Amino acid sequence: MKKFAVIALSLALAVLLAPTRSAAAASRSADNPRAPGLTLAVYGDSPYGTTPTDTAQLDATPGFIASINADPDVSLVTQIGDIHSGKQYCTLAYDQSVYDLWTKFADPLVYTPGDNETTDCHKVAEGGGAYNPTTQTIDYVLDANGNPVDYAKGDPVANLALIRSIFFAQPGRTIGAHKKLVLSQAVAYDRRHPSDRKFVENVMWSQAGIVFVTIDLPGGSNNDTDVWYATPTESPAQTQAREERTSADLRWLDTAFSLAKLSHAKGVVIGAQADMWDPEKGAAHQAGYEPIVASVASHTASLGRPVLMLNGDSHVYRSDNPLSSTASCTWELATACTSVSFIHPGYEVANFHRIVVHGSTFPLEWLKLSIDPGTNGNSATSFGPFSWARQIQP
């Protein structure tokens with residue numbers, strides 16, 4: 001990106017996105033003053049269901065939202081993807097029901113889409129369909145009346161457009177009772193790459209001395225290389241969607257880190273749904289994320305300040321530095337936590353850390369992430385200006 005474009009973006013952020021606290025947070029903590037900084041509630045992979053008709057987590061979401069609203073420290077919420085499980089259907093009614101629930105958040109909510117509500121809608125388990133080699137057509141999942149159960153028969157492009165129309169109807173404005181201005185790539189896109197303007201969901205803002213950036217990075221399918229509907233070959237639409245998204249994400253990361261340098265930020269927070277180091281299906285099934293990993297590693301090393309990445313996707317809490325083969329880690333399922341740096345090998349970037357938020361199961365939980373630009377932590381629950389604690393619902 002040319003220097004003048006970066007300067008224009010930094011000025012826009014300085015004018016439009018000056019650090020502010022929401023009215024809700026200010027009123028809640030009027031009698032409980034706190035040090036300058038910021039506290040976020042971070043969660044993902046929720047609400048989930050084990051079947052298309054399982055609404056237990058959806059029904060529990062109002063209480064979950066109320067628990068976050070009741071915390072006087074929190075002034076911002078982030079949901080990092082997957083608003084239903086891979087065993088639930090992709091429908092307009094469901095997506096709208098989640099949006100309606102999210103309007104009950106007292107503080108601004110920043111959301112970045114996951115694979116289950118977009119790129120994986122084509123799968124049979126999510127109500128899409130599967131290629132029939134005999135007829136050489138798609139057998140779609142149908143309801144009792146013979147109608148497709150999914151929106152647009154599970155077409156991932158159409159379902160992403162649906163998500164954008166519901167959750168991003170006002171580009172640059174967050175969800176929640178109190179709206180926050182953020183900078184959307186749909187507005188601040190590189191004019192040399194007009195397809196970037198599609199990515200209204202990619203946003204950034206500056207607060208508490210930190211540059212925050214979200215990128216649309218769906219997990220589960222190797223950066224969406226699992227062939228839609230299991231057809232013999234990948235469709236041109238899938239190839240185009242993946243290439244446009246990956247390219248837009250890379251340019252958005254370029255912009256965010258350029259801004260961090262120009263503004264002398266204390267650090268960067270990246271929000272993205274995919275766990276690019278998920279070992280479940282092996283290293284080969286994470287290879288499609290290598291361009292993003294390489295960009296994050298290069299930018300982080302060049303910045304020389306703490307960079308924290310927030311992921312969902314693999315469902316189990318994990319705190320580590322996958323860009324280092326020697327860094328320690330914490331994992332929910334074991335006391336010994338092995339490095340996953342072998343999945344994208346060859347990196348040694350000490351000033352990087354990532355957290356996988358726990359999701360998908362009861363009890364519901366969120367991560368309380370606090371930022372104090374004046375601190376420099378280094379523990380199991382702190383890194384540079386960032387510290388965190390898991391908030392597990394009773």
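Contact here means heavy atoms within 4.5 Å. With that in hand, let's take a tour.

## About the model

This is a predicted model, in which local features need pLDDT of at least 70 and side-chain atom pairs count only at pLDDT 80 or more, while totals for chains, interfaces and linings use all residues. Residues are numbered from 1 along each chain as its sequence is written, and side-chain values use heavy atoms, with hydrogens and water left out.

## Histidine 84

Histidine 84 lies in the loop that links strand E2 (76-79) to H4; helices (H or I, at least four residues) and strands (E, at least two) are DSSP runs, numbered from the N terminus. With a relative accessible area of 0%, histidine 84 is buried (buried is under 20% relative accessible area, exposed over 50%, partly exposed in between, with a 1.4 Å probe and protein chains only).

Leaving aside residues up to four places away in sequence, histidine 84 touches Pro47, Tyr48, Tyr89, Cys90, Tyr94, Asn116, Glu117 and Glu126.

## Helices H3 and H4

Tyr94, touched by histidine 84, also belongs to the H4 side of a helix contact. The axes of helix H3 (residues 56-69) and helix H4 (residues 92-102) come within 10 Å and cross at roughly 20 degrees. Axes are lines fitted to C-alpha atoms, for helices over the stretch in contact, and angles run from 0 to 180 degrees between N-to-C directions. H3 and H4 are therefore roughly parallel to each other (angles under 35 degrees count as roughly parallel, over 145 as roughly antiparallel, 65 to 115 as roughly perpendicular and the rest as oblique).

H3 contributes Leu58, Thr61, Pro62 and Ile65 to the contact, and H4 contributes Tyr94, Ser97, Val98, Leu101 and Trp102.

## The seven-stranded sheet

Seven strands make up an open sheet with mixed pairing, in the order E3-E2-E1-E14-E17-E16-E15; two strands pair if DSSP finds at least two bridges between them. E3 and strand E15 (377-379) are at the edges with a single partner strand each, so one side of each is left without a neighbour in the sheet. Neighbouring strands are turned by 25 degrees against each other on average, direction ignored.

Within this sheet, strand E1 (residues 38-43) and strand E14 (residues 365-371) run antiparallel and are joined by five bridges. Alanine 41 has lysine 368 in E14 as its bridge partner.

## Threonine 119

Threonine 119 counts as buried, at 8% relative accessibility. Not counting residues up to four places away in sequence, threonine 119 touches Pro156, Pro218, Asp224, Trp228 and Arg245.
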